[in-house]
Amino acid sequence: MNPKARELVSIHGKPVAVRGLTKAYGAVKAVDDVTLEVNAGEFVALLGPSGSGKTTILMTIAGFETPDIGTIEVGGRDITALPAGKREIGMVFQRYALFPHMTVAENIAFPLKMRKIGGRDAAAQVEAALAMVRLEGYGGRRIGQLSGGQQQRVALARAMVYQPPLLLMDEPLGALDKNLREEMQLEIKRLQKKLGATVVYVTHDQGEALTMANRIAVMSDGRIQQFATPMEIYDRPANLFVAGFVGETNLIDGELARDGAAWRFRLAGSADTVALEGQDAVDGWRDGMRAKLMVRPELVRVGPIRDGAPSGLVEELIYSGGTVVCMVRLPSGAMATARIAAADAAGVTVGDTVGLEWPADRVRVFAA
Amino acid sequence: MAASVPSRQRSVSLGRLLLVFFAGLVLVFLALPTIVVVPVSLSPTEYLSFPPESLTLRWYGEFLTDEKWVRATLLSLRIGLSVTLLTTIVGTMAALAIVRGLRGGGPLVNALVTAPLVIPTIVYAIAILLFFSKIGVSGSFWGFVFAHSALAVPYVVLIVSAALYRFDASTELAAQSLGASRVQAIWHVTLPAIRPALATGAIFAFLTSFDDATVSFFLANLNDVTLPRKMFENLQFFVSPVLAVVATLLTLFTLALFGAAQWLRTNRNG
């Protein structure tokens, strides 16, 4: 890209604050008292199943929904009462929402036209925006002549050309096939980093959220269940919903057992216990309380049986290249999944009874 | 099995033959009277005759030089164009309200706006005569325009709202997020994108007005008559081949407009 083009499109991201946002449709609270603070230049993903309220939050920030209660601030300025067109926010939609009767260049020039910027200035900015999304020379094309990926690049260029301090994206890659989606994830991340834009990105794809976001807000039932970095969300989920929604996981039934000052976890249907370390919410715990233990498959090790430690029957081995997925039937009847290195799986065969091990401080236990 | 296949094919082809025959018959009965007016309009006799003994354009000249026929034609055109302009604007606004604006009231407004389609035209014509006489616009140019507009507006609403339902509403939201007001978003994005539907609606509106005889029959005074009304008069008092000329021209004109509408509908994204 030439240096002049870089100068024409430079975004100074501003912080965003959603405070006490509530929005109900009839008796259903789509968003229930949500507060969300996004730093300048940060990429935040709103992750959740459909109906969790993530899109409603985005539409309220954009100005297409009016909150029942709560305020929206961008760069310290309250924009709750401003119409969408006056908010200086760029938005990218799932189905691109390009203007079908305009060329690529006319689409990108539209926000400039609305700001009464025309002539050479506008043409230069459109060129720079096209270069930014690597579509030099496509200005004269009709929208119908572009592929899905190219259309989404045009939508990105159009949302960035007027340098809004905040970009909103509503499942922008949802309509693309898998390979293109992964390519575009990197592309969007590259642009966001380079321009320093603040991005709020709605998705139901956890892989997308983990790959792209600085922080993820996991949503369910109109509330934020956890707002943290991808690593924290994955390693230390705040509750059962987050543990089950993000990543592959084992949720093993059992109960809590006091062991002097420490706690152990007894697996259901057996006397086997495991040690627990570094747990968060031990205050409410009681001896014998029913609980669920969360452990990621890649943390589970398969080995010889040891007295008093968990064990199970190997029912299935699934080879997937570098790793092998080992399905183990626990005494309770539930299945546990271990993802082990192919080399470690050499001594394991279907029908073996094996011992299971995992690091005591890498599991999470939730009172059930 | 091998024997049954050809026999079934045979019965299918016989059925097809009958279908084509009857369909052809229906088309001939529908189209023939319309086609017959063409040779009649070219006949040299003073009365309507078929088949004509020879061909002449004499009655076409008569039509174009008769001041009464020309006045009636121009009046119908002026009314038609005014109706087109008025109903395209009003109908498009109504369609926008029904599809985008009114959340609960859409169906009710839709039913009200399209009511003239289901009310018998003669009932509407009598009602409009009584009402217009009271407010003193009966027989005036604007009386025709308003009466025809009420008949024509349902077509515009139906055609435009169908296009609006097909049009992705997030495109309009995108325009707003890019700095447009709601009105600007509709003006710069929605309306240009549904241009073919607007043109089709306008053509239907024009034809509704231009072809109307019933309402004009009730509203017209002795001096200002529309083309269909003038044809009625001609039929009653002195049947001349000019009538066939007008019928021929009217048919060709209508066909051309409908052809244009059809072309716009099939080349929506052209």
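In chain A, strand 16 (residues 311-320) pairs with strand 19 (residues 353-357) in the antiparallel sense, over three bridges. Across that pairing, A:Leu313 has A:Thr353 of strand 19 as its bridge partner. Keep in mind that this is a predicted model.

Strand 16 of chain A is also joined to strand 17 (residues 323-329) of chain A, by seven bridges, and these two run antiparallel as well. Here A:Val314 has its bridge partner in strand 17, namely A:Val328. Strands 16 and 17 of chain A make a hairpin with two residues between them. In the turn sits A:Gly321, with a positive phi of about 75 degrees.

Most residues other than glycine have a negative phi. So which residue in the loop between strand 5 and strand 6 of chain A is worth a look? That would be A:Glu88, in the loop between strand 5 (77-78) and strand 6 (89-92). Its phi is near 55 degrees, a positive value in a residue other than glycine. A:Glu88 counts as partly exposed, because its relative accessibility is 31%.

A:Ala97 is not a glycine either, and it has a positive phi of about 55 degrees. You'll find A:Ala97 in the loop between strand 6 and helix 3 (104-114) of chain A. Is A:Ala97 buried or exposed? A:Ala97 is buried, with a relative accessible area of 2%.

## Chain B at a glance

Over in chain B, you'll see 13 helices and zero strands. Its C-alpha trace spans about 80 × 70 × 35 Å along the principal axes. The radius of gyration of chain B is 24 Å, while a compact globule of 270 residues would be near 18 Å.

Of the 270 residues in chain B, 42% are buried. Take the contacts in chain B between residues at least 6 apart in sequence: 72% of them join residues at least 24 apart.

## Helix 12 of chain B

Now zoom in on helix 12 (residues 227-237) of chain B. Its buried residues include B:Leu227, B:Pro228 and B:Met231, along with B:Arg229, B:Lys230 and B:Glu233. What covers the buried residues of helix 12? The cover includes helix 3 (67-101), helix 10 (195-211), helix 11 (214-219) and helix 13 (242-266) of chain B.

Conventions. Residues numbered from 1 in each chain as written. Chains lettered and ligands numbered in written order. Predicted model: local features only at pLDDT ≥ 70, side-chain atom pairs only at ≥ 80, totals over all residues. Heavy atoms only, no water. Helix = DSSP H or I, 4+ residues; strand = E, 2+ residues; numbered from the N terminus. Rg over C-alpha atoms; globule rule 2.2 N^0.38 Å. Buried < 20%, exposed > 50% of the residue type's maximum accessible area, 1.4 Å probe, protein only. Contact = heavy atoms within 4.5 Å. Pairing = 2+ DSSP bridges.
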